[in-house]
Amino acid sequence: MFTSINQSIALAFYHYSSLNIWTESFAILLSDGLLVLAVSMYVFMLFPLRKVGTYTRTVFHDLFPLLVTAIIALLLKDVVVVIRPYAVLGFVPFVPATDPLASFPSLHVALITAFATTLWFTHRRLGVFISFLVPLVMIGRIAVGVHWFTDVIAGAYLGWQVALLFRCAEVRWLQRIK
């Protein structure tokens, strides 16, 4: 059942996004460009913090959950072998995908979800804005033909859980030192 739902969703998104060059470009922007935009906004937001002296702590605190999320997602890609939609359905993806057997989970979605969740706790306004980008990246990864619906859901869940785990650890650590 999940296979047929996954295939239907992937075909519908891919078919719609392959109508013309504008829809293809928009799908690529959603797929890859929004993650770059989120990180760029974060970097520009940090420039004023350099003067305050909290720059190093902030960067480490905000980016370490992303590193852990990436490691877990890459390990899962090696353990859980899922063939990418373009390889199963026989179409050409809009973005290059390195391994046709490494679809699960979506690394892009896991990273932007972990980033949004972490920033939700540390820099609320930016975290709220990036949270609105998460579903767009999910749609983009399906539309370009490199992930199934279940891949992006699993990626979002992974990123969210890792960020919450780090937040819980930080709260406990802060309570312990008080």
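Biologist: At what angle do α6 and α7 pack?
Modeller: The angle is about 145°, and the axes are 9 Å apart. Axes here are lines fitted to C-alpha atoms, for helices over the stretch in contact, and angles run from 0 to 180 degrees between N-to-C directions. The helices are DSSP runs (H or I, at least four residues), numbered from the N terminus. This is a predicted model: local features need pLDDT of at least 70, side-chain atom pairs count only at pLDDT 80 or more, and totals for chains, interfaces and linings use all residues. Residues are numbered from 1 along each chain as its sequence is written, and side-chain values use heavy atoms, with hydrogens and water left out.

Biologist: Which residues of α6 meet α7?
Modeller: Met138, Arg141 and Ile142 in α6 do. Their partners in α7 are Phe149, Val152, Ile153 and Ala156. Contact means heavy atoms within 4.5 Å. By class, this contact has six nonpolar residues, no polar ones and one charged. Ala, Val, Leu, Ile, Met, Phe, Trp, Tyr, Cys and Pro count as nonpolar; Asp, Glu, Lys and Arg as charged; the others, Gly among them, as polar.

Biologist: What is the hand of the crossing of α6 and α7?
Modeller: α6 passes α7 in a right-handed crossing. A crossing is right-handed if the near helix is turned clockwise from the far one by less than a right angle, and left-handed if anticlockwise.

Biologist: Why are α5 and α6 called roughly antiparallel?
Modeller: Helix α5 (residues 107–122) and helix α6 (residues 124–143) pack at about 165°. Angles over 145 degrees count as roughly antiparallel. α5 and α6 are therefore roughly antiparallel to each other. Their axes are 7 Å apart, and the crossing is left-handed.

Biologist: What makes up the contact of α5 with α6?
Modeller: On the α5 side, the residues include Val109, Ile112, Phe115, Leu119 and Trp120. On the α6 side, they include Leu126, Ile130, Leu133, Val134 and Val137. By class, this contact has 13 nonpolar, five polar and two charged residues.

Biologist: And where does α5 meet α7?
Modeller: Among the α5 residues are Val109, Thr113, Thr117 and Phe121. Among those in α7 are Val152, Gly159, Trp160 and Arg167. The division is ten nonpolar, five polar and one charged. The axes of α5 and α7 come within 7 Å and cross at roughly 35°. That crossing is right-handed.

Biologist: Why is His147 called buried?
Modeller: Its relative accessible area is 1%. Buried means under 20%, exposed over 50%, and partly exposed in between (1.4 Å probe, protein chains only). At 1%, His147 is therefore buried. His147 sits in the loop between α6 and α7 (149–177).

Biologist: Which residues is His147 in contact with, leaving aside neighbours within four places in sequence?
Modeller: They include Lys77, Arg84, Ser103, Pro105, Arg141 and Val152. The backbone oxygen of Ser103 lies 2.8 Å from a polar atom of the His147 side chain. Pro105 is in the loop between α4 (85–89) and α5. A cis peptide bond joins Phe104 and Pro105, with omega about -15°.

Biologist: How do you know that Ser17 is buried?
Modeller: The relative accessible area of Ser17 is 4%, so Ser17 is buried. Ser17 lies in helix α1 (residues 2–17). The Ser17 side chain reaches the backbone oxygen of Ala143 at 2.9 Å. Leaving aside neighbours within four places in sequence, Ser17 is in contact with Thr23, Glu24, Ala27, Phe94 and Ala143.

Biologist: What makes Glu24 partly exposed?
Modeller: The relative accessible area of Glu24 is 24%, so Glu24 is partly exposed. Glu24 is in helix α2. With neighbours within four places in sequence left aside, Glu24 is in contact with Ser17, Ser18 and Phe94. The C-alpha atoms of Glu24 and Ser131 are separated by 23 Å, and the two residues are 107 residues apart along the chain.

Biologist: Is Ile21 buried or exposed?
Modeller: Ile21 has a relative accessible area of 55%, so Ile21 is exposed. Ile21 is in helix α2 (residues 21–52). The C-alpha atoms of Ile21 and Arg141 are separated by 17 Å.

Biologist: Why is Leu75 called exposed?
Modeller: Leu75 has a relative accessible area of 53%, so Leu75 is exposed. Leu75 is in helix α3 (residues 55–79). The C-alpha atoms of Leu75 and Leu136 are separated by 25 Å.

Technical notes: Helix = DSSP H or I, 4+ residues; strand = E, 2+ residues; numbered from the N terminus. Parallel < 35°, antiparallel > 145°, perpendicular 65-115°, else oblique. Polar contact = N/O pair within 3.5 Å; in protein donor to acceptor, adjacent residues only side chain to side chain.
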